Amino acid sequence: MRRWAMPGVAALLAERLQSAFDTLAPGSDPVLRPSDRADFQANGALALAKRLGRHPVEVAEAVVAAARLDDLCERVEVSGPGFVNLFLSASFVERSTREMAADRRLGIEPAAIPERVVVTYSHPNVAKEMHVGHLRSTVIGDALCRMLGHLGHDVVRENHIGDWGTPFGMLIEHLVDVGEEMAIAELSVGDLTGFYQSARASFDGDGAFKERSRRRVVLLQSGDAETLRMWRVLVEHSIAYFDEVYAKLGVLLTDDDVKGESFYNPMLPGVVADLDAAGLLVKDAGALCVFPRGFTNREGDPLPLIVQKSDGGFGYAATDLACIRDRVDSVRATQILYVVGAPQSQHLRMCFEVARMAGWLPDRLRVEHVAFGSVLGADHRMLRTRAGTSVKLVDLLDEAVSRAAEAMAERDRDADLAPEERQAVARALGIGAVKYADLSTDRVRDYVFDWDRMLSFEGDTGPYLQYAHARIRSIFRRAASEASATGHSWADESAVPASAIVIRDPQERALGLTLLGYAAAVHSAVEESSPSKLCAYLYSLATTFTSFYERCPVLRAPDETTRRSRLALVDTTARVLAEGLGLLGIEAPARM
RNA sequence: GCCCCCGUAGCUCAGCGGAUAGAGCACCGGCCUCCGGAGCCGGGAGCGCAGGUUCGAGUCCUGCCGGGGGCGCCA
């Protein structure tokens with residue numbers, strides 16, 4: 001079932017164990033796991049013993065006898081009820097760490113068979129403010145895109161913005177009322193809330209306005225040129241605003257990724273016609289519906305997916321179905337990831353099921369709802385402002401940066417940083433803290449938004465990882481300055497070759513072993529669409545590094561061989577931290 | 001009422017059917033002639049409840065309790 005091969009040292013071990021298990025029973029799973037009593041353990045003997053009707057310990061011993069592991073392990077033992085404990089040899093760790101250090105890609109091989117993965121995320125609405133609800137989708141989607149891309153997949157980003165539908169009657173009429181100049185000014189400064197709410201207020205309080213809005217929707221649907229022109233004004237200025245937020249957030253999305261609801265609008269009649277031709281359409285209470293298998297409503301009756309409303313308008317389900325067809329037929333996706341909040345789970349499952357029933361979605365194609373929970377405030381309720389409104393995303397990001405700047409000023413470490421550089425670092429820290437807090441917890445759970453915790457330099461936070469990275473970079477700065485004073489030749493970090501790595505001290509071994517887990521961490525994060533897996537790995541690398549650093553002097557190592565080795569080890573650590581954070585969309589400044 | 005998600009230490013979270021359930025914060029106690037102490041080392045304390053499957057369950061299944069969300073013309 002594993003879609004991507006297990007990478008790194010674990011792969012080698014798994015291969016060897018597999019052949020050993022195959023001698024006893026072809027195809028049985030070695031069940032290789034990292035272990036806290038060894039480097040790895042293989043638990044497959046227990047299940048196999050059951051199947052063969054033999055003693056587990058005896059099976060484990062047979063596996064050990066059959067396995068060729070002498071070049072990888074210094075010790076292999078059978079323990080407990082039948083576990084095989086594997087202790088890697090220092091020479092293997094050393095060899096592997098050197099290979100990784102010498103590899104520009106740090107041991108991550110590009111996929112042999114690249115997938116074309118559509119990732120749909122962010123999804124703000126035109127003329128509506130972006131709020132924390134968009135934060136998670138944008139940040140998680142961005143990290144997934146970066147990781148998939150790094151693994152060599154062909155990533156197609158799609159931003160399914162809300163740029164069509166009945167609210168536009170109201171929004172366009174409001175544009176008419178306030179005048180285009182005024183409207184553009186309002187949208188350009190990012191006061192989308194003001195614009196939307198004024199329109200809403202007129203709609204709710206003014207019967208004539210409401211009627212105009214209704215007629216305007218019809219004009220929009222029928223393609224009236226002037227209406228479309230005004231619609232475009234709203235869309236374009238909103239997108240310009242979204243771009244500002246994306247720039248502030250530091251994500252990959254661009255205008256080219258926008259594929260809003262309006263894009264699919266021309267395809268909707270075809271969706272309905274083809275569903276009808278397939279015999280799936282049922283008229284129910286005036287609406288055209290499909291009843292996917294396995295879904296019922298509160299009365300226990302089949303639950304419909306409404307594709308065309310009784311007034312003739314298309315439901316959003318029609319658009320979502322058109323999306324699937326477009327992504328399969330035109331984009332030629334081999335995978336589709338929906339980075340959408342957990343509440344839409346049922347709706348998406350229904351859409352996927354209908355698409356399958358209609359034959360639009362091949363069974364082999366992986367379609368996944370990458371669901372995520374809500375952002376909660378300290379009171380464990382949906383995050384809101386004191387006034388009870390949803391928090392503007394830009395305000396939140398600005399606060400993150402100013403809080404980070406304060407924290408820097410308090411500490412005053414790199415006092416000689418130029419003002420622009422300071423500001424850039426504050427942005428990296430503040431935005432990084434917000435992103436890391438979001439990405440590091442299991443995405444499907446709700447998470448509690450807490451400024452003090454996420455901006456802390458202690459514990460599992462973005463700033464802590466950035467700090468670990470900056471500390472390593474400072475070693476090389478110092479090395480360089482000492483070299484210019486003493487004439488040492490090893491100062492330049494690029495001058496320390498990977499082959500200099502020697503593994504002797506237990507802390508060196510621990511660091512090397514942790515480094516070697518990098519590729520596996522990225523793969524599992526991608527396989528499970530869970531950036532938190534990569535976060536957990538980077539955090540363990542950072543803590544392993546600080547333990548190492550406490551006990552293993554680098555620049556003051558006892559001898560030149562050790563010093564060069566540790567410089568190479570530590571440089572590799574910094575590269576992994578920087579690249580890993582980069583894959584999460586988080587910057588790693590050299591100083592802070 | 002039905003469906004989905006969540007429930008692990010005081011708090012915030014990890015735990016891919018495997019051994020004694022791990023971190024961080026907070027708390028307590030150590031380590032400073034410290035290459036960035038925003039650090040390192042150590043300590044106490046926990047799987048919502050009840051059944052079941054399994055050689056083995058925090059993990060899988062069933063029921064219950066608690067929290068959140070969804071359930072026909074909004075997206």
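**Exercise 1. Describe the overall build of chain A in this predicted model.**

*Solution.* Step 1: begin with the secondary structure. Chain A contains 22 helices and 13 strands.

Step 1: consider the extent of the chain. The C-alpha trace of chain A spans about 85 × 70 × 40 Å along its principal axes.

Step 2: turn to burial. Of the 592 residues in chain A, 52% are buried.

Step 3: examine the contacts along the sequence. Taking the contacts in chain A between residues at least 6 apart in sequence, 73% join residues at least 24 apart.

**Exercise 2. How many positive and negative side chains does chain A have, and how far apart do the centres of the two sets lie?**

*Solution.* Step 1: count the charges. There are 67 positive and 82 negative side chains in chain A.

**Exercise 3. Locate Ser440 and decide whether Ser440 counts as buried, partly exposed or exposed.**

*Solution.* Step 1: find the element. Ser440 belongs to the loop between helix H16 (419-439) and strand E13 (447-448).

Step 1: apply the cut-offs. Buried means under 20% relative accessible area and exposed means over 50%, with partly exposed in between. Ser440 has 24% relative accessibility and therefore counts as partly exposed.

Step 2: list the surroundings. When neighbours within four places in sequence are left aside, Ser440 is in contact with Ser532 and Cys535. The C-alpha atom of Ser440 is separated by 8.3 Å from that of Thr461, which is 21 residues away along the chain.

**Exercise 4. Which residues come nearest to RNA strand B, and which elements give two or more residues to the surface near RNA strand B?**

*Solution.* Step 1: identify the nearest residues. Around RNA strand B there are 65 residues, of which Lys50, Glu261, Lys309, Tyr316 and Arg411 come nearest. Of the atoms of RNA strand B that come within 4 Å of the protein, sugar and phosphate account for 52%.

Step 1: inspect individual atom pairs. Glu261 has a polar side-chain atom 2.2 Å from a sugar or linking oxygen of RNA strand B. For His380, a polar side-chain atom lies 2.8 Å from a phosphate oxygen of RNA strand B. In Val554, a backbone N or O atom lies 2.9 Å from a base nitrogen of RNA strand B.

Step 2: name the elements. Two or more residues each come from strand E1 (32-34), helix H2 (44-52), strand E4 (83-88), E13, helix H18 (462-486) and helix H21 (531-551).

Notes. Residues numbered from 1 in each chain as written. Chains lettered and ligands numbered in written order. Predicted model: local features only at pLDDT ≥ 70, side-chain atom pairs only at ≥ 80, totals over all residues. Heavy atoms only, no water. Helix = DSSP H or I, 4+ residues; strand = E, 2+ residues; numbered from the N terminus. Buried < 20%, exposed > 50% of the residue type's maximum accessible area, 1.4 Å probe, protein only. Contact = heavy atoms within 4.5 Å. Lys, Arg positive; Asp, Glu negative; His and termini not counted. Charge placed at Lys NZ, Arg CZ, Asp CG, Glu CD. Near = heavy atom within 4 Å. Polar contact = N/O pair within 3.5 Å; in protein donor to acceptor, adjacent residues only side chain to side chain.
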